[in-house]
Amino acid sequence: MPGEVITMAHGGGGTRMLDLLERTVFPALGEEVLLGAEDAAVLPAPEGRLAVTTDSFVVRPLFFSGGDIGKLAVCGTVNDLAMVGARPLYLTLGLIIEEGLEIRTLERVLASVAATAAEAGVRVVAGDTKVVERGKADGLYVNTSGVGVIPEGVDVSISGARPGDVLLLNGFIGDHGVAVLAEREEYSFSVDLSSDCAPLAGLVADMLSAGEVHSMRDPTRGGLAAALKEMSAASGWALEVEEESVPVREQVRGVCELLGLDPLYVANEGKLVAVVPQRDVEAVLEAMRSHPLGADSTAIGRVIEGKKGRVELITALGSHRLLRMPSGEQLPRIC
Amino acid sequence: MKYLDEFRDPGTLRALVAKIAGLPGSVTLMEVCGTHTMAISKAGLRQVLSPGVELVSGPGCPVCVTAVADIDRAVALAHMPGVMLATFGDMMKVPGTSGSLAGAAARGAQVRVVYSPLEALVLARENPGLDVVLLGVGFETTAPAVAATVRKAYAEGLCNFYALSLHKLVPPALRALAGLPGFHVDGFILPGHVSVVIGGEAYRFLVDEFSIPCVITGFEAADVLQAIYRLKSMKKSGPALENEYSRAVRPEGNPRALSVMWEVFEPADAEWRGLGSIPGSGLALKERYRDLDAGSWEVSRPEPGGLGGCRCGDILCGRIRPVECPLFGVSCTPDSPVGPCMVSTEGTCAAYYLYEREEP
């Protein structure tokens, strides 16, 4: 349907909407349960504990180097499930579309949702579509909710860190935030950099079979700093991180210098920090490095005796400084 | 960007720290520029240099030294019907007597954050029904770009573009500071990027008239440490003006940048937070560009208030350190700032709060 755009009628619940679903949405997602057109997906209940999460996606622009809003929406929710050790099973997909969005754009996003869901081994089993007037949304907003099952014997929690545990990170930080910024027209710089956006459930499954993992967090908004602060606050123990050991690409560092940003606070979409007991560090790190999404995995620090919420960074000079929760948005400097 | 790492190599840094510690005595040095303040706090230099070197911050954060009355004027302009105010992001959250630009935007004023002054021209072209006012804040680093923008708007005959110049010049402020009764430092760490524009010789008077050692340097930890080493050495060898940033700074500065700046602007008296009115320390639009000057517009603004006990003025003159302000970290935080030094990404209080404050 080249050139055709979404109109208010596509969200009206009538024939145009059915048409959109049957011609565009269902074929892209290829999920039988959706074709049943029930009010709710009816699915077999898995054994064990369930993990449930939801997330909304409002990224601008919709397409960026290394990803798009569809891929992001699947990864975001799949990764949140993976961070409690769950194997993702089902997703729901809510679309809030701005009138005037090209149907081809929607098709590209849906194809990306389907491909990423297949990669993550998760099924999109329910959805909703709304259309709002032109100017009331930035093209497309997406919400996904996810359900996963936590395998027997797995106990991963944001509060799981214990003194002596080691902090592992699966690669370079800041790629996503900088790649998306670079696509925005208000910044006139270009970088040879892709978002790290990726579903981490497979990596996490490998890690969990290699050894014990006490705690995990995906450092998305607020970056690595916020993730570490949250783990410290929830566990009640302090963390210590060596600044030099945190992998940051030169391009990311350069752009951050230019805009007055700190890579530690820039968003990632395919990274995780894992807290692993000392005895299992070697095995888990080995498993991480054997996975394509963990080739650059490394230890960045440890859990120490100390005050709840305290995250210390050891600088190249050997001085210590405390990491803060990010405050508001990071603004670029002017002089 | 590969060159950045050479200035962060732990071995190089530790060797410089040891060299500084090896020099006898102790010194108090002022880093004039906010970018230096941030670099010092972030690298944790104070920890490793104590007790032989004390570092105090100076009036080198353009957002911080902007007077309350000028912020009130900008907020009042933003509230005027038919006006769109274009500003650098750092100014958004700076508190005025009755709120900030961010507060004005939240209440419906048209405020746009720009990253380059030229974007304000685009805004003016795209919004012919609005008067677009570019808020010019910054030192000699920013003023040439704003000047070039004003010149372009004038040449194009764009009739809905205006500028409010709150620009300030670094050397007159240093002269005022050095002349303050009781002011004493053993040396100035001077900003590389300002010096790229104005040239190293612009600071000569600090050595000749005030006998204060001066080193111009860059913004990496190694740059700052090298400057500190040179300044501490001058305790023995006597005051001099040195340029450790010769990879970018020439004695005469950048003639092209200076020429566009002086084509559009002329020196004017300016009000500095903390230092008061300093003759010839600001930049006003020249007669030819007066029609583009939003500084002459009648606005109704409140009587400038005192920002409830805020001591940013004392901090900007190096009189106190942030921890000596009773508001610091208590009622004044980055989330709810009382004064500008806590807001700006180059503010001294923000640097201490972010990197050097123990958590309660």
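**Note on helix packing, cores and the chain contact**

1. In chain A, residues A:Thr24, A:Val25, A:Ala28 and A:Leu29 of α1(A) meet A:Ile103, A:Leu106, A:Glu107, A:Leu110, A:Ala111, A:Val113 and A:Ala114 of α4(A). Two residues are in contact if their C-beta atoms, placed from the backbone, lie within 7 Å. By class this contact has nine nonpolar, one polar and one charged residues. Ala, Val, Leu, Ile, Met, Phe, Trp, Tyr, Cys and Pro count as nonpolar, Asp, Glu, Lys and Arg as charged, and the others, Gly among them, as polar.

2. The model is predicted: local features need pLDDT of at least 70 and side-chain atom pairs count only at pLDDT 80 or more, while totals for chains, interfaces and linings use all residues. Residues are numbered from 1 along each chain as its sequence is written, and chains are lettered from A and ligands numbered from 1 in the order in which they are written.

3. Helix α1 (residues 15-29) and helix α4 (residues 103-120) of chain A pack at about 20°, their axes 8 Å apart. That makes α1(A) roughly parallel to α4(A) (angles under 35 degrees count as roughly parallel, over 145 as roughly antiparallel, 65 to 115 as roughly perpendicular and the rest as oblique). Helices (H or I, at least four residues) and strands (E, at least two) are DSSP runs, numbered from the N terminus.

4. Helix α6 (residues 201-210) and helix α9 (residues 281-290) of chain A have axes that come within 8 Å and cross at roughly 150°. α6(A) and α9(A) are therefore roughly antiparallel to each other. Their contact is made by A:Leu203, A:Asp206, A:Met207 and A:Ala210 of α6(A) with A:Ala283, A:Val284, A:Glu286, A:Ala287 and A:Met288 of α9(A). It comprises seven nonpolar, no polar and two charged residues.

5. The largest nonpolar core has 128 residues, and B:Ala78, B:Leu85 and B:Leu101 are among those touching the most other members. Such a core is a set of buried Ala, Val, Leu, Ile, Met, Phe, Trp, Tyr and Cys residues joined through C-beta atoms within 7 Å (buried: 20 or more other C-beta atoms within 10 Å of its own; exposed: 12 or fewer; partly exposed: in between). Helix α13 (residues 221-237) of chain B gives the largest share, eight residues. Apart from this core lies another, of 99 residues, including A:Ala73 and A:Tyr141.

6. The contact between the chains takes 27 residues from chain A and 34 residues from chain B. On the chain A side, α8(A) gives the most, with five residues. That side divides into eight nonpolar, 10 polar and nine charged residues.

Note on methods:
Axes fitted to C-alpha atoms, helices over the stretch in contact; angles between N-to-C directions.
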